[in-house]
Amino acid sequence: MTILITGGAGFIGSAFILEWVDEVKEKVVNLDKLTYAGNLDNLAGLSQDAHELVVGDIADRDIVTSLLAKHKPWAILNLAAESHVDRSIYAPASFMDTNVLGTFNLLEVARSYYETLSGYEKDKFRFLHVSTDEVFGSLSPCDPPFNEETPYRPNSPYSASKAAADHLVRAYFKTYNLPVITTNCSNNYGPRQFPEKFIPLLILNAAADKNLPVYGDGQQIRDWIFVADHCRALREVLFKGQPGETYCIGGNQEKTNLELVHEVCEIIDQKLPSPDGLSRTTRIAHVTDRPGHDRRYAIDDRKIREKLGFRPKWTFEAGLKATVEWYFDNPGWVERVQSGAYRKWVELHYGSKNKKGD
Ligand code: NAD
Ligand code: TDX
């Protein structure tokens, strides 16, 4: 019994694999291109019997075809993506290559593979596509949260590329009966998240007494879910979800970005008082806003609660503390991730925002 996961060296993929190996105890084949966001440190310690890494591109038809023929997985989980909104604004092309064309290639190869299956193997097969709530666009403060019926209105090249992929996935169910399921999850946080994303960026900047860059007025709202809860939801969907359906996953923990910064500062001030004795909140720097910045995301997760019995376990307070602890306890991981390439991104992105982000 084997599953094929794509993008398993990234933040969510590695969390999923570590838990899968521990709890489900089935072998995972992990197809990952190892872009700047893919990190083998995330998977250190796994045996070759439990986890087999294949370095390659989901858009490569030959690699995907040979992996399916060799391992005959009962499920494909597609997590590989270019995932950072700001990078999609600077350079959208790789988002189209991976998120749209890569997903298209996986679907095409999966369709051919599915046609070779019969009986129990055919009934069991699933293609689980991991998507985001960003495809639904932006909510006003009083709008009801997103649910599975919300129309798609993506606003960034990233969310537009994920939306395009989601539409292809849907079409492969309607047209070819490929047993696909799509999940749309809210913002994840937790250990091993690349520090271009807001929460690890805040933790590492605060710990180093650097400025804390907040886009615009900081009143944008995100619904935060701890990564372990997202991974558990994915397992539930894989085992119990209905082909052709979509499931919204959220943490039910809406926060403005400024509230979030204050909570990170409070934890770090307690853990490591700053040399000048001032609260880290004095380092908040309002910088130029992200173009097309979505104002609010929120998830109505009634469907996954009622149909699959899933509800998140982690409170935001507990998850944030555990996340801060992890970054403090893993300076080697942090040091290796903050490579030359990452420093270049910080210079390019925050340099153009009055050098406040560093
Ligand atoms: P990440 O950027 O941390 O990891 C992405 C992984 O995909 C990396 O290991 C990278 O090397 C790999 N990859 C990139 N292009 C590839 C290609 N062409 N072929 C093979 N591998 C490739 O991303 P993440 O935060 O772990 O997100 C994983 C998935 O979950 C993405 O599809 C993302 O859209 C979705 N998602 C993320 C969040 C979030 O808050 N992080 C929320 C909802 C949905
Ligand atoms: O320096 C910053 N300052 C700031 O104010 C950064 C990096 C972000 N922000 C804001 C932008 C967002 O409102 O913080 C919020 C969160 O930003 P990100 O961590 O970049 O996440 P977001 O753009 O919301 O997208 C994330 O959640 C949905 C993931 O990156 C996506 O892959 C996922 O689909």
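1. Conventions. Residues are numbered from 1 along each chain as its sequence is written, and chains are lettered from A and ligands numbered from 1 in the order in which they are written. In this predicted model local features need pLDDT of at least 70, side-chain atom pairs count only at pLDDT 80 or more, and totals for chains, interfaces and linings use all residues, while side-chain values use heavy atoms, with hydrogens and water left out.

2. Shell around ligand 1. Ligand 1 is surrounded by 28 residues (near means a heavy atom within 4 Å). Ile-12, Asp-32, Ser-83, Tyr-158 and Lys-162 are the closest. By class, the shell holds twelve nonpolar, twelve polar and four charged residues (Ala, Val, Leu, Ile, Met, Phe, Trp, Tyr, Cys and Pro count as nonpolar, Asp, Glu, Lys and Arg as charged, and the others, Gly among them, as polar). At least two shell residues come from each of helix 1 (11–23), strand 5 (126–132), helix 6 (157–176) and strand 7 (187–189); strand 5 gives the most, with three. Helices (H or I, at least four residues) and strands (E, at least two) are DSSP runs, numbered from the N terminus.

3. Polar contacts of ligand 1. A polar contact is a pair of N or O atoms within 3.5 Å; within protein, one must be able to donate a hydrogen and the other to accept it, and residues adjacent in sequence count only if both atoms are side-chain atoms. The side chain of Asp-57 places an N or O atom 2.9 Å from a nitrogen atom of ligand 1, and a polar side-chain atom of Thr-98 is 2.9 Å from a nitrogen atom of the ligand. Lys-33 contributes a backbone N or O atom, 3.0 Å from a nitrogen atom of ligand 1. On its own ligand 1 has 830 Å² of accessible area, of which the protein covers 97% (Shrake-Rupley method, 1.4 Å probe; for residues, only the protein chains shown count as cover).

4. Ligand 2. Around ligand 2 there are 21 residues, the nearest being Glu-134, Tyr-158, Arg-290, His-293 and Tyr-350. Oxygen atoms of ligand 2 lie 2.6 Å from a polar side-chain atom of Tyr-158 and 2.8 Å from one of Asn-187. A nitrogen atom of ligand 2 is 2.9 Å from a backbone N or O atom of Pro-213. The protein buries 94% of the 650 Å² that ligand 2 exposes when taken alone. Strand 8 supplies the largest share of this shell, three residues.

5. Strand 9 (residues 221–226) pairs with strand 11 in the antiparallel sense over three bridges, and Asp-223 stands opposite Glu-254 in strand 11.

Methods
Two strands pair if DSSP finds at least two bridges between them.
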